[in-house]
Amino acid sequence: MNKKFPLFPLSGALYDSNSLARTRKDFLDELYSAKSCSLLLASADGFVCFREIIPSRREGNLEFLLSGQGAYLGKSPQGEHFLASFVTGFEGTQEAFDLRQVTHEVEPAQVAAACAAVALASWNFRTRYCERCANPLLPLCLGWEKECTSCKALYYPRTDPAVIMTVFDEQGRLLLANNTRWERTRFSLLAGYVDAGESPETTVLREVFEEVGLRGEGIPRILGTSPWPFPRSLMLVYRLDLGLSARQVDAQLRVDGKEIREAAFFTRKELEQDIARGRVTLPARSSVAYALITRWLRGEEIA
Ligand SMILES: [Zn+2]
C-alpha cells in the first residue's frame, strides 16, 4: 500500500488547501501570474477530469472562480495550484474518472483536491437561494462561501458526519449486509448518519440495533476517518466487537426489511467462496468498506 495514505483511498493527507488565500483580494492576481494551474472539471455525481490551464487575464479565463461556477482548491506538494470548474456531466469524455472507483495509485494530493471539487460542485449546484428569505445567493471566497443578496445571511458547504463499522462476533466473523437500495449481491459494512446531538459511538450502537437487531456488550473503537463527498459525508470508521457467540448472534440477528434486506456474519473462507461464486459483490473501490473488507480478507488486523 502507498504509505502516503493513512488508511483509506480518499484520506489523502498531503494536501494544502491554502485556505487563507480564498479571502485575499489580490489572490486572483497571483493565480493569473502562475505559469500554469491544474484544472479539475468536476461533476456533482462524482466524476472528475484533470486538465492543464494557462491563466490569462486578457482572456479572463479564471473568472469562473468568482461566479460560483468553480472554486480554488489549494496546492499540490510541488506548489501547483488546483482549480475546480463545475460541469453538469461528462458524456463522451473518455478521460473523466469516477472518484468512487479511485485507488491508491492516484496521487494523494490529486485525490484530496478531487474530493473537494466534487463536494463543492454538489454544494454550488444545490445551494442557490437563501433559506431564510428565498432571495438569490452571491458566490464569495472563490467557491467556498455564499451570501444572501438581501438579508446577507452567509452559507458554507457543510459536511454530514456518518459512522461505518466493522462488527465482529466472538468467533471473529465479520457482519455484512445488503441494503434494499442495492443490487441483491452487493454486501457491505453497516453505516448510518449521526443524529442531531448524538455521539458517534452511540450512533454505531443504535444503527447496529436498528438495522440488524443486535445489542452486544462491546464499546465502539474509532479506526480512522475518510471524506465521502457523494454528496457531503465524512465517514467516522469504527470497530465493534459484540462479545456475542455465534449462537447468541443467530438468536438476535433480524434485519429491519426497510433499509437492510439481508445480513450475515462471514468467516474469511465463507466470504471468499461467496465472492468467487458471484453471490457477493463488494462496494465501490474507493470506499472505506472496500478497504476494510479486503484488508480483513488478506488476513490483516482491523485495528
Ligand atoms: Zn436571505
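**Core, helices and domains**

Guide: This is a predicted model. Its largest nonpolar core has 77 residues. Those with the most contacts inside it are Leu 40, Ala 42, Ala 84, Ala 113, Ala 114, Ala 117 and Ile 164.

Visitor: Which element gives the most to this core?

Guide: H2 does, with 13 residues. The core draws at least three residues from each of domain 1 (19-126) and domain 2 (160-297).

Visitor: What does Ala 117 touch, leaving out residues up to four places away in sequence?

Guide: Leu 40, Ala 42, Val 48, Leu 73 and Ala 84. Two residues count as touching when their C-beta atoms lie within 7 Å.

Visitor: And Ala 116, buried or exposed?

Guide: Ala 116 counts as buried because it has 25 C-beta neighbours inside 10 Å. The cut-off for buried is 20 or more. Ala 116 lies in helix H2, residues 108-126.

Visitor: How far apart are Ala 116 and Gly 12?

Guide: In sequence, 104 residues. In space, 11 Å, C-alpha to C-alpha.

Visitor: Switching to H3. Why does its length agree with what a helix should span?

Guide: Helix H3 covers residues 200-212, which is 13 residues. At 1.5 Å a residue they should span 18 Å, and the end C-alpha atoms are 18 Å apart, so the two agree.

Visitor: Which residues of H3 are buried?

Guide: Thr 203, Val 204, Leu 205, Glu 207, Val 208, Glu 211 and Val 212.

Visitor: What covers them?

Guide: The cover includes strands S9 (160-168), S10 (174-179), S11 (190-193), S13 (233-241) and S14 (260-266).

Visitor: What comes just after H3?

Guide: Gly 213, with a positive phi of about 80°.

Visitor: Zoom out. How many helices and strands?

Guide: The protein has 6 helices and 14 strands. Of its 303 residues, 37% count as buried. The C-alpha atoms fill a box of roughly 70 × 45 × 35 Å along the principal axes.

Visitor: What about contacts between residues at least 6 apart in sequence?

Guide: Among those, 65% join residues at least 24 apart.

Visitor: Back to the domains. What separates their centres?

Guide: The centres of domain 1 and domain 2 are 33 Å apart, taken over C-alpha atoms. The contact takes 12 residues from domain 1 and 8 residues from domain 2.

Visitor: What classes of residue are on the domain 1 side?

Guide: Where domain 1 touches domain 2, its side has 7 nonpolar, 4 polar and 1 charged residues.

Note on methods:
Residues are numbered from 1 along each chain as its sequence is written. This is a predicted model: local features need pLDDT of at least 70, side-chain atom pairs count only at pLDDT 80 or more; totals for chains, interfaces and linings use all residues. Helices (H or I, at least four residues) and strands (E, at least two) are DSSP runs, numbered from the N terminus. A residue is buried if 20 or more other C-beta atoms lie within 10 Å of its own, exposed if 12 or fewer, and partly exposed in between; C-beta atoms are placed from the backbone. A nonpolar core is a set of buried Ala, Val, Leu, Ile, Met, Phe, Trp, Tyr and Cys residues joined through C-beta atoms within 7 Å. Domain bounds come from an automatic or database domain assignment. The expected span of a helix is 1.5 Å times one less than its number of residues. Ala, Val, Leu, Ile, Met, Phe, Trp, Tyr, Cys and Pro count as nonpolar, Asp, Glu, Lys and Arg as charged, and the others, Gly among them, as polar.
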